[in-house]
Amino acid sequence: MTAPWSPPPGVPVPDQPSTPPGEPAGPGERSPSGTATESQPQVEWRRLHKVTPVLNAWKAAAVLLGIAVWNYGEELAALELPVLQKGLFVIGAIVLGGLIGLGYGALAWRRTQYGIGAESVFLHSGVLWRQQRHVRLDRLQAVDVTQPLLARLFGFSSLKIESAGGAGSNLTLSYLTDDEAQRVRNEILARAAGVKQSAQPAGSPPVAAGAAPERQLLELSSGRLIASLVRSAGVMFALLLVVGLVVAVIITGSFRFVAGALPGVLGAAGYVWSRFAGEFSFRIGISADGVRLRHGLLEAKARTVPPGRVQAIALSQGPLWRGKGWWRIRMNVAGYGAEGDQEGSTVLFPVATEDEVRQILPLVLPDLGTDAPVEVLQAAMTGRGDDHGFIVSPRRARLLDPWSWQRNGTRVTRTATLLRSGVWWRYLAIVPHERTQSLALTQGPVERRRGLAGLDFHSTAGPVRASAIHLDVETARALLLDLAERTREARRHAAPERWMQLADESTRTPAAELRAGFAGVLPSTPDRSSSL
């Protein structure tokens, strides 16, 4: 934790209060009158690194170059000038854009500052339109440290603070030095966990929060990642398309088909590259402040998901992965929103074996809520029928699900609901009771005639879609009432949002006890691959 920011000589101190307008000063925050409460230290206002305008200048240069090429590219190409002179025009556009970006970035940097209080993280920014935003620490969902390629080369990072309000309420601090980004992340996570800071003598600098010890659990090898991509639908589509184009060119002797199919080939190639670059060297670890995820080839990302922030989990397996027993594990986290899946932020582990699934799942769901967790999980992943307590679709659902009606199943445990589906593409959704947002009974006209109904589980935006389909209508109604009661009880006994604070001992469930004992993370040892 760095010392409070003090402006350089000649730069006036911003006259806005530390507390955003319209909000009372929280504990330890400076009130508009300039006084601070005595219970906690005041909010420390800090600057981003001075190199931030330089790292952002290339964006303006790229935009200006794109506009110039789009509007004047044909005219420039038609001019009867030497190639060197045309190149100088392009270089001039790039330099001009960079200077404009650098000037605006310098103004934006001077008007941007952030602060960390006892209850919130604040960000004040804007040149023409001022913004004063804050994220409450008890609504914190994740903290990401991102290193884009250019910033990574010079030792800088961007810190993204994910809030439960979704993508529009997140805060991004770009850029900080790598060490400073780690210190700020540690401080935010420590405050969000409810760790009490010891009182310091007046006038002395506050003690920096130390990094929570981390132990790496699993790492995805590049060989398995490449093999999984080769067995993916995107690569298969691209290969079939290329083969078809080659055959068409050989038969017709014309290349007119290539231009029309080129966007499809480029799209498939871009998808495969984004998966490879984004999931390269994927590692998952555990620490007292949550699950640690690190990955990325060109853009390195280090994400920390605090305990209890995962709203739902999904396991999926394509037909070409079945021989290897591979599963893709994704999650819903409130802060990432719907676009998190496109950025890879919702991936818990890209390619996991069944043994690795049994190691990873306890990190986000310490207690599966059954006396036979390994058997129940195996039945949920690969089973059929009503073994191990699964509720399946009745035989009259064969008209709607001729192949998968016995595969569709719902299993309710003490702590979560498991929903399996799919024969060729297997899918398993796990929704903890305490994270269920709402439930809905659905019934279409054909289902109504055959006495069937579906049950939808509403979660935060993300890749996980949880539904129990084509159940007997009376079974679905009874399940709805049972789950509504379980959800209420689970929320009432849930662990506190600040996971280092102890809950009321009289209302804590075994799952909450387990989370509190290990700061929300169940430790694993190498020989735990066969158990939950």
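Thr353 counts as partly exposed, because its relative accessibility is 21% (buried is under 20% relative accessible area, exposed over 50%, partly exposed in between, with a 1.4 Å probe and protein chains only). The model is predicted, so local features need pLDDT of at least 70 and side-chain atom pairs count only at pLDDT 80 or more, while totals for chains, interfaces and linings use all residues. Residues are numbered from 1 along each chain as its sequence is written, and side-chain values use heavy atoms, with hydrogens and water left out.

- Thr353 sits in the loop that joins strand E14 (347–352) to helix H9 (354–364); helices (H or I, at least four residues) and strands (E, at least two) are DSSP runs numbered from the N terminus.
- Gly325 is 28 residues from Thr353 in sequence, and their C-alpha atoms are 5.7 Å apart.
- Glu356 belongs to helix H9 and counts as buried, because its relative accessibility is 13%.
- A polar atom of the Glu356 side chain lies 3.0 Å from the backbone nitrogen of Thr353.
- Not counting residues up to four places away in sequence, Glu356 touches Leu218, Arg224, Phe349 and Val351.

**Nonpolar cores**

- A nonpolar core is a set of buried Ala, Val, Leu, Ile, Met, Phe, Trp, Tyr and Cys residues joined through side-chain atoms within 4.5 Å.
- The largest nonpolar core has 47 residues, of which Ile284, Ile329, Leu348 and Phe349 touch the most other members.
- Residues up to four places away in sequence aside, Ile329 touches Ile313, Ala314, Leu315, Thr346, Val347, Leu348, Phe349, Ala352, Val357 and Ile360.
- A second, separate core has 22 residues, including Val143, Ile161, Leu189 and Ala192.

**Sheet E19-E20-E21**

- Three strands form an open sheet in the order E19-E20-E21, with antiparallel pairing; two strands pair if DSSP finds at least two bridges between them.
- The edges are strand E19 (438–442) and strand E21 (466–472); each has a single partner strand, so one side of each is left without a neighbour in the sheet.
- From one strand to the next, the twist averages 20° (axes are lines fitted to C-alpha atoms, and angles run from 0 to 180 degrees between N-to-C directions).
- The antiparallel pairing of E19 with strand E20 (residues 452–458) runs over 5 bridges.
- Leu439 has Phe457 as its bridge partner in E20.

Definitions and conventions
Contact = heavy atoms within 4.5 Å. Polar contact = N/O pair within 3.5 Å; in protein donor to acceptor, adjacent residues only side chain to side chain.
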